[in-house]
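Student: Hey, I've just opened this one and I'm a bit lost. Can you walk me through it?

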Amino acid sequence: MKYVKNLFKRVLVFTLCVTFVLGLTGCSLSDNGKRIVRISHGQSETHPQHLGLLKFKEYVEEHLGDKFEVQIFPNELLGSAQKAIELTQTGAIDFVVAGTANLETFANVYEIFSMPYLFTSEEAYHAVMSDTEYMEKVYESTDEAGFRVLTWYNAGTRNFYGTKPIHTPDDLSGLKIRVQQSPASVNMVNAFGGAATPMSFGEVYTAIQQGVIEGAENNELALTNNKHGEVAKYFSYNKHQMVPDMLVGNLKFLNSLSEEERQIFEDAAKLSTEVELECWDEQVQEAIRIAKEEMGVQFINVDVELFRDKVADVQGKMLESNPNIKDIYEHIQEVNEQFAKEDTE
């Protein structure tokens with residue numbers, strides 16, 4: 001049955017992609033003459049990101065419903081994040097939600113978010129990402145590639161989970177761990193002693209189930225929304241990364257909007273983030289409950305410093321090899337220090 005479902009999904013993705021490519025020769029209009037705005041993401045219909053995008057759709061159609069119809073495609077229906085970014089580049093689709101690891105190949109400043117233990121607290125992480133004026137300089141970095149980030153979504157704290165318990169970095173030795181397609185994430189897992197295995201997020205469940213990998217690293221919602229808790233029974237809180245997801249828009253489409261229309265789309269993006277953030281903490285607590293009580297997942301608290309020490313050299317090597325992350329790295333350290341000072345007062 002699972003094979004049939006996967007086959008159906010691949011056929012649907014292929015059909016949709018072919019339809020979109022062929023459709024580029026004409027206008028992307030609905031039957032009632034409205035411009036169709038397509039958004040792709042890889043999460044389920046109950047995920048906070050999807051709920052945020054529903055708010056995006058609602059706001060745009062409320063203010064520009066006579067001109068635009070927003071269509072949301074969840075669950076990687078239009079392909080993996082990397083494929084959907086390429087479709088967004090060409091204008092086959094208009095928006096995609098993608099992790100910063102997927103953006104590194106287009107603007108290496110995004111590599112900063114793959115740096116292990118970059119943020120010292122969730123408060124500092126949220127403060128940096130909510131600083132719209134500063135982040136706009138980062139968002140502009142992909143203009144030459146044909147797209148721009150409009151806003152960010154919280155993706156929580158990334159931790160290791162898998163088929164074997166992980167209490168210390170030594171427990172990762174030799175384990176094949178799925179990582180995002182980011183050189184920095186590969187180097188991080190290898191520094192921990194694991195065997196980093198880049199792959200699409202949509203492939204993780206089957207890869208763990210079939211023993212291709214022993215685990216992955218992500219937030220708690222992956223256990224429930226993506227059912228990884230059915231095949232991975234151990235989740236360790238080593239908190240190695242806080243990596244945002246980004247709402248990426250085709251720049252040609254954005255630039256085609258009038259000033260008023262552009263503002264409405266940007267306001268819709270901000271509202272989608274507000275909804276996503278509101279839903280996030282609540283859904284994480286529910287995911288932990290479901291994973292424990294219904295899936296039998298064991299949550300393990302570890303000594304984070306043991307993991308932090310293991311990858312101490314990774315930060316320095318990243319700064320040496322990529323000068324474009326130096327400015328934002330220093331900015332983040334200032335924010336980290338600010339919140340650390342507040343905690344001691």
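**Finding our way around**

Student: Is P244 buried or exposed?
Tutor: Keep in mind that this is a predicted model. P244 is buried, with a relative accessible area of 0%.

Student: Where is P244 found?
Tutor: P244 is in the loop between β9 (234-241) and β10 (245-250).

Student: And what is P244 in contact with, leaving aside its neighbours within four places in sequence?
Tutor: The contacts are G99, T100, F113, Y125, M129, W152 and Y153. Take W152: it is 92 residues from P244 along the chain, yet their C-alpha atoms are separated by 6.3 Å.

Student: Switching to the cores: which residues of the largest nonpolar core touch the most other members?
Tutor: That core has 60 residues, and Y110, I112, F113, M246 and I328 touch the most other members. Helix α14 (residues 326-344) gives the largest share of this core, five residues.

Student: What does I328 touch?
Tutor: Not counting residues up to four places away in sequence, I328 touches V109, I112, F113, Y134 and V138. Another core, of 24 residues, lies apart from the largest one, and I213, A287, A291 and V297 are among its members.

Student: OK, sheets now. What order do the strands of the six-stranded open sheet have?
Tutor: The order is β7-β6-β8-β5-β9-β11, with mixed pairing. β7 and β11 (298-301) are the edge strands, each pairing on one side only. From one strand to the next, the twist averages 35 degrees.

Student: How many bridges join β6 to β7?
Tutor: Four bridges join β6 (residues 176-179) to β7 (residues 195-198), and the two strands run parallel. The chain gets from β6 to β7 through helix α7 (residues 183-192), in a right-handed β-α-β crossover.

Student: Where does α7 lie?
Tutor: Helix α7 lies across β5 (158-162), β6, β7 and β9, and runs at about 155 degrees to β7.

Student: And which residue stands opposite R178 in β8?
Tutor: A216 does. Strands β6 and β8 (residues 215-218) pair in the parallel sense over two bridges.

Notes:
Residues numbered from 1 in each chain as written. Predicted model: local features only at pLDDT ≥ 70, side-chain atom pairs only at ≥ 80, totals over all residues. Heavy atoms only, no water. Core = buried A, V, L, I, M, F, W, Y, C linked by side-chain atoms within 4.5 Å. Buried < 20%, exposed > 50% of the residue type's maximum accessible area, 1.4 Å probe, protein only. Contact = heavy atoms within 4.5 Å. Pairing = 2+ DSSP bridges. Right-handed = clockwise from strand over helix to strand, strands pointing away. Axes fitted to C-alpha atoms, helices over the stretch in contact; angles between N-to-C directions.
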